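Visitor: I would like to learn how to read the features of a model such as this one. Could you take me through them step by step?

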Amino acid sequence: LSDKLGKVFSKLKNHGKLNEKDVKEAMREVKMALLEADVSFPVVKDFVAKVSERAVGSEVMNSLTPAQQVIDIVHDELIQLMGTDTARIDFPSKPPCVIMMCGLQGAGKTTHTAKLAKYLKKQNRRPLLVACDIYRPAAIDQLKVVGASVDAHVFEMGQTNPVKIAKESIKYAKDNGFDVVILDTAGRLHIDEDLMKELKDIKAEVQPNEILLVVDSMTGQDAVNVAKSFNDMLDITGVILTKLDGDTRGGAALSVLSVTGKPIKFAGVGEKTDDLEQFHPNRMADRILGMGDVLSLIEKAKINVDEKEQEKLAKRLQENKFDMNDLYAQFEQIEKMGSISSLIKMIPGVAGKVKEEDIDERRMYRTKAIISSMTKKEREKPSIIDAKRKRRIAAGSGTKVEDVNQLLKQFDGMQKMMKQMGLKGGKKRKFPKFP
Ligand code: GDP
Ligand code: MG
């Protein structure tokens with residue numbers, strides 16, 4: 001009995017509230033993570049101050065250490081700041097809906113005009129693309145090419161005054177039954193007055209329903225000035241964050257948000273016309289903090305799973321020793337817990353890459369079967385798996401060599417991702433220790 005009481009007391013001791021020291025320590029990590037993600041310094045300073053204030057004095061939850069608790073609050077605040085999952089185009093009751101794309105040169109306006117057209121066509125809209133960028137050589141042709149690739153009609157009047165083009169295009173849309181007009185405007189390498197005046201004139205002429213600022217997520221620090229100028233001049237309605245398929249951590253998202261207060265509506269994730277997604281604040285928060293969702297995986301698992309097992313896993317993650325034996329054990333735990341879809345997304349390297357509908361339970365069982373057909377050595381060091389071994393594993397698990405290859409490739413990607421996240425605990429940024 002006294003043993004039991006002892007446990008209760010030691011648990012209670014871990015409770016309490018976060019003090020300034022706890023918060024300060026964890027915030028150092030957070031600050032670094034944000035700066036590494038290219039969030040601009042003033043934004044980081046503001047954010048950290050705000051979150052610190054909220055964190056000090058809040059209850060430490062049973063399952064978390066103080067440092068984890070702070071990170072948890074930070075994560076939460078980031079999501080809050082980045083808005084809702086459901087940002088979408090605002091359609092007027094009377095068509096056409098006019099969407100004006102604006103942004104610096106090379107941000108991705110023309111590409112995203114086409115992506116948006118494709119996206120809207122899937123919703124049974126009839127978009128008209130309008131070539132208002134008359135300055136860059138071949139800009140009109142570029143729009144025609146991408147427009148054709150998504151089977152959308154392009155309206156152009158050559159090198160005419162863009163304000164006039166915009167005005168005429170709306171008339172044309174009305175006459176020809178187009179219910180969305182997307183204006184692909186010109187950009188400049190830097191913000192200048194001529195550009196802003198032109199955009200303001202277009203806005204005044206056509207009164208767009210949406211003014212979407214297209215921002216290159218790789219533009220780190222500069223994003224603040226760009227977003228501020230455009231928003232001050234045009235009062236934008238939302239943002240499209242492009243090139244998130246690159247290896248940027250996407251700190252621009254935070255900078256843009258904090259200066260404009262406007263929602264990020266879409267994310268561009270590649271050069272193809274299909275590479276457009278709704279913006280997901282929670283994924284972005286993970287990405288900016290650079291941590292997959294390891295914390296929540298461990299947190300969630302703690303509730304359901306043998307704590308010893310989980311401690312072992314956390315330690316292996318931290319030491320970057322996570323191998324296929326662990327992956328197998330993890331699958332077993334997941335099975336115990338029920339919902340695969342909610343958990344698989346939290347496995348590092350998989351987070352953000354898996355869409356709900358892609359999660360195929362049968363595939364997980366197949367994966368498990370493949371791993372069971374490996375020897376312990378092979379699971380520890382998949383690099384020794386040569387062609388002969390692959391054939392044996394495939395035969396043993398009733399799968400094909402391609403399946404084995406695919407798993408090995410995925411696992412390799414996962415390990416790389418973990419390394420990138422700096423879980424190794426070496427010279428790279430180190431997140432607070434798991435319990
Ligand atoms: P604009 O000057 O703003 O019209 O920019 P463009 O639409 O012409 O895009 C500039 C370059 O960025 C082109 O080479 C595009 O293929 C590329 N690009 C645009 N969006 C994305 C994206 O989301 N991911 C990647 N990887 N490239 C993109
Ligand atoms: Mg363009």
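Visitor: Which strands does helix 5 lie across, and at about what angle does helix 5 run to strand 4?

Guide: First, some ground rules: this is a predicted model, in which local features need pLDDT of at least 70 and side-chain atom pairs count only at pLDDT 80 or more, while totals for chains, interfaces and linings use all residues. Residues are numbered from 1 along each chain as its sequence is written, and chains are lettered from A and ligands numbered from 1 in the order in which they are written. Helices (H or I, at least four residues) and strands (E, at least two) are DSSP runs numbered from the N terminus, and two residues are in contact if their C-beta atoms, placed from the backbone, lie within 7 Å. Axes are lines fitted to C-alpha atoms, for helices over the stretch in contact, with angles from 0 to 180 degrees between N-to-C directions. Here, helix 5 (residues 109-122) lies across strand 1 (97-102), strand 2 (127-131), strand 4 (180-184), strand 5 (210-216), strand 6, strand 7 and strand 8, and runs at about 170° to strand 4.

Visitor: In what order do the eight strands of the open sheet stand?

Guide: Two strands pair if DSSP finds at least two bridges between them. In this open sheet of eight strands the order is 3-2-4-1-5-6-7-8, and the pairing is mixed. Strand 3 (153-155) and strand 8 (276-278) stand at the edges with a single partner strand each, so one side of each is left without a neighbour in the sheet. On average, neighbouring strands of this sheet are turned by 25° against each other, direction ignored.

Visitor: How many bridges join strand 1 to strand 4, and how many does strand 2 form with strand 4?

Guide: Strand 1 and strand 4 run parallel and are joined by five bridges, with Val 180 in strand 4 as the bridge partner of Cys 97. Strand 2 also pairs with strand 4 in the parallel sense, over five bridges, and there Leu 128 has Val 181 as its bridge partner. Further along, strand 6 (residues 238-242) and strand 7 (residues 264-268) pair in the parallel sense over three bridges, and Phe 266 in strand 7 is the bridge partner of Ile 240.

Visitor: Are the residues of strand 4 mostly covered or exposed?

Guide: A residue is buried if 20 or more other C-beta atoms lie within 10 Å of its own, exposed if 12 or fewer, and partly exposed in between, with C-beta atoms placed from the backbone. Strand 4 is mostly covered, since five of its five residues are buried. Val 180, Ile 182 and Asp 184 point one way from strand 4, whereas Val 181 and Leu 183 point the other way, and all are buried. In the chain as a whole, buried residues make up 40% of the 435 residues.

Visitor: At roughly what angle do the axes of helix 9 and helix 10 cross?

Guide: The axes of helix 9 (residues 223-234) and helix 10 come within 8 Å and cross at roughly 35°. The contact is made by Ala 223, Val 224, Ala 227, Lys 228 and Asn 231 of helix 9 and by Ala 252, Ser 255, Val 256, Val 259 and Thr 260 of helix 10. Helix 10 (residues 252-260) also lies across strand 5, strand 6 and strand 7, running at about 165° to strand 6.

Visitor: How many residues surround ligand 1, and which are the closest?

Guide: A residue is near a molecule if its C-beta atom, placed from the backbone, lies within 6 Å of it. Ligand 1 is surrounded by 18 residues, of which the closest are Gly 108, Lys 109, Thr 110, Thr 111 and Gly 268. Helix 5 gives the most to this shell, with three residues.

Visitor: Where do Asp 38 and Gln 207 lie, and what is phi in each?

Guide: Asp 38 lies in the loop between helix 2 (20-36) and helix 3 (41-55), and its phi is near 75°, a positive value in a residue other than glycine. Asp 38 counts as buried because it has 22 C-beta neighbours inside 10 Å. Gln 207 lies in the loop between helix 8 (193-206) and strand 5, with phi near 45°, a positive value in a residue other than glycine. Gln 207 counts as exposed because it has 10 C-beta neighbours inside 10 Å.
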